[in-house]
Amino acid sequence: QSERPDAFGEDDLLVLQTLADQIAIAIEDNRPYQAEKGRRQLADTLREMASALNSTLELHAVLDLVLTQLQRVIAYDAAGILEWRQDHFCLVAGRGGQYTSPDRCLSLAESDQLRRLTLESVPRVYQASGPQPGSCLAAPLLVKNHLIGALVLERQGPAAGYGSEEIQIVSVFADPAAVAIENARLYEAAQ
């Protein structure tokens, strides 16, 4: 920048263009590194989460650990762990929103989207029910291909949503969480 008119010439323009080209190359070269760094951090977090979940067999501690560790890998406004009981879902642990009242079973209307997990054991994204707009992500909790419950995350706001990478993260997270929950239940039943 200069206060003099015509202070910069063709040589200056050439130098600035060369510098801009080098900066663009450096930014492009850094993207794969940042993506790999993010994947490595996620893998480390998932490994730590699995270790933490296997450190206790007390059911309430396991449920709390699932919600705590999940918050480390994906942001949510509210989350719940639901148990599948014959033909309905019941909340066994939760944080925020409608998930703060454990031992509450969901009505048919509330669980309509979740019931689809019993037919297709794949994560689902759907509109949150309630006065505020938002999105829910529900992942099945499976042990030996048997549905034992669901992990539900909720984001509020008109721009809330879940991308394919987040869906994959929650799906990967749900597998060791389901095993830890089932192990804690079995241990509790044996006591």
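I'll go through some of the salt bridges here, one pair at a time.

Keep in mind that this is a predicted model. In total, we get 7 salt bridges in it.

Let's begin with Arg 47 and Asp 44. Their closest N and O atoms sit 2.3 Å apart. Both residues belong to helix 1, which covers residues 10–53, and they're 3 residues apart, so about one helical turn separates them. How open is this spot? Arg 47 is exposed, at 53% relative accessible area, while Asp 44 comes out as partly exposed, at 29%.

Next up, Arg 185 and Glu 83, which form a salt bridge at 3.8 Å, N to O. Arg 185 is in helix 4, residues 164–190, and Glu 83 is in strand 1, residues 78–85, so this pair ties together parts that lie 102 residues apart in sequence. Buried or exposed, these two? Both Arg 185 and Glu 83 are buried.

Last pair: Arg 155 with Glu 166, where the closest N and O atoms are 2.5 Å apart. This one links distant parts of the chain, with Arg 155 in strand 6, residues 146–156, and Glu 166 in helix 4, 11 residues apart. Arg 155 counts as buried, at 15% relative accessibility, whereas Glu 166 is partly exposed, at 23%.

That's my tour; happy to take questions.

Terms used:
Residues numbered from 1 in each chain as written. Predicted model: local features only at pLDDT ≥ 70, side-chain atom pairs only at ≥ 80, totals over all residues. Heavy atoms only, no water. Salt bridge = Lys/Arg side-chain N within 4 Å of Asp/Glu carboxyl O. Helix = DSSP H or I, 4+ residues; strand = E, 2+ residues; numbered from the N terminus. Buried < 20%, exposed > 50% of the residue type's maximum accessible area, 1.4 Å probe, protein only.
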